[in-house]
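Reader: I would like to learn how to read the features of a protein model one by one. Could we start with the ligand and then work outward?

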Amino acid sequence: MALINEHYLELSENYFYTEMDKRINAFCVTHPKSNLILLGTGDVSQPLPMAVVDAMTEAVKELSQKETFRGYGPGQGYRFLIDKIIKDYQSHGVSLVADEIFVSDGAKTDAANIGHILGRDNIIAITDPVYPVYENATIMSGRAGHQTDNGKWSNIVYLNCLPENGFKPQLPTEKVDVIYLCYPNNPTGATLTRQELKMWVDYALQNHSLIIYDGAYEAYITEKDVPHSIYEIKGAKKVAIEIRSFSKTAGFTGLRCSYTVVPQELVAYTLDDEKVQLNKLWLRRQTTCFNGNSYIVQRGAEAIFSREGKKQVNEKIQYYLTNAEIIRTEFQKLGLQVFGGVNSPYVWTKTPQGENSWKFFQQMLSEINVVTTPGIGFGQNGEGYSRFSGFNSRENTLEAMDRIKHWL
Ligand code: PLP
């Protein structure tokens, strides 16, 4: 008799974004003529940079010729891409070596799968609100305990992020083993300064904890005192894995490419207190469960680091940041409580009348055909908030803000 992983039954039936899509699709079926604007989306709207397209076109040509055809590539990623990533880290004063970098097909993939190499009894800390994958993956792996009346999970330590603390978590009062941090944050747009991030690295060093640092929005950092990488903090290589993505940087949401850094110095422990290099375990895991991202995509990702590629990527980031600024400014004028949108494409707002976030979503959808992302999807502390994003086109952003202005 085949048995299932019963922890899957503890999850809500749909992943949060699937639930949102279901509601949007239902609305579109009953209102086929509505002119819907997705203003909460985490997906980008602008096409790939031409430098990426040109590089991939060349790669396709190579694969079409007998002399230059390539089959399976190195599971960890091609050196041509890894070397560019290393150089990029160097520009922020971080030195890495090639076998510390693992090219992958998505930050979501790695953020969810990293738990495979960690013991089941680790106490996991997650900020609330945050990208829902960390909590979902913790539930699937059986580390979450049971769900309590307030919707939280008994074995997860939730780090409260509220307006009072600028959506920046305090250190846990109890000892935790694994901490997911995501900065710039999805959904609040909050960032940690160098000093604030150092506090977390020091905590992890003192408690032999592991930080899983999701830097998917690193490219959106505009302020000087905000570190681009956790490895800018002394000692971080001993305690942190860093995950990065090309999705929001260069429009790779559909193309798929990301990378994860697992430093050689990073160790975790056996029950007998023996130190084990996590790099070795992740390499073993990846070479068994993953066959590498495609040559074409990796050539495209490499092109992001060329002079032309950097310029084109930067233009797109500025475009999305300007959209976020438009949303942020307009909401401020309307007297809403607004956060984020400075080092992040996301603007996080309190709902105008304190409505619950699904109700606000539904009202906005049906009354002005604008889609926002309900804050509750990111954790209990997200209730009463909405996430807006700068990822739509300028025209749609302006049109949506016009509708919202008149509606509110
Ligand atoms: N990490 C965070 C914080 C995100 O918000 C997202 C996507 O929204 C991802 C990771 C997923 O990135 P990828 O497209 O590389 O899987």
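Predicted model: local features only at pLDDT ≥ 70, side-chain atom pairs only at ≥ 80, totals over all residues.

Reader: Which polar side-chain atom lies 2.6 Å from an oxygen atom of the ligand?

Author: The general idea is to look for pairs of N or O atoms within 3.5 Å. Here that side-chain atom belongs to Tyr217. An N or O atom in the side chain of Arg256 is 2.7 Å from a ligand oxygen. The backbone takes part as well: a polar backbone atom of Lys108 is 3.0 Å from an oxygen atom of the ligand.

Reader: How much of the ligand does the protein bury?

Author: The ligand taken alone exposes 400 Å², and the protein buries 93% of that.

Reader: In what order do the strands of the 7-stranded open sheet run?

Author: The order here is β2-β8-β7-β6-β5-β3-β4, with mixed pairing. At the edges stand β2 (101–104) and β4 (156–160); each has a single partner strand, so one side of each has no neighbour in the sheet. Neighbouring strands are turned by 20° against each other on average, direction ignored.

Reader: Parallel or antiparallel: in which sense do β6 and β7 pair?

Author: Strand β6 (residues 210–214) pairs with strand β7 (residues 240–245) in the parallel sense, over 4 bridges. Within this pair, Ile212 stands opposite Ile241 of β7.

Reader: Which strands does helix α6 touch?

Author: Helix α6 (residues 133–140) packs on the sheet and touches β3 (124–128), β4, β5 (178–182) and β6. Its direction makes about 150° with that of β3. Another helix, α4, lies across β2, β7 and β8 (258–261) and runs at about 120° to β2.

Reader: With which residue does Glu302 form a salt bridge?

Author: Side chains of opposite charge can pair when their charged atoms come close. In this model Glu302 pairs with Lys84, and the closest N and O atoms are 3.0 Å apart. Glu302 lies in helix α10 (residues 295–303) and Lys84 in helix α4 (residues 79–90), so the bridge ties together parts that are 218 residues apart in sequence. The count of salt bridges in the model comes to 18.

Reader: What is the order of the strands in the open sheet of 4?

Author: Apply the reading used before. The order is β11-β12-β15-β14, and the pairing is antiparallel. The edge strands are β11 (338–340) and β14 (373–374), each with a single partner, so one side of each is left without a neighbour in the sheet. β11 pairs with β12 (residues 346–350) over 3 bridges, and Phe339 stands opposite Trp348 in β12. Helix α12 (residues 357–368) packs on this sheet, touching β14 and β15 (385–389), and its direction makes about 50° with that of β15.

Notes: Residues numbered from 1 in each chain as written. Heavy atoms only, no water. Pairing = 2+ DSSP bridges. Helix = DSSP H or I, 4+ residues; strand = E, 2+ residues; numbered from the N terminus. Contact = heavy atoms within 4.5 Å. Axes fitted to C-alpha atoms, helices over the stretch in contact; angles between N-to-C directions. Polar contact = N/O pair within 3.5 Å; in protein donor to acceptor, adjacent residues only side chain to side chain. Areas by Shrake-Rupley, 256 points an atom, 1.4 Å probe, with all protein chains shown as cover. Salt bridge = Lys/Arg side-chain N within 4 Å of Asp/Glu carboxyl O.
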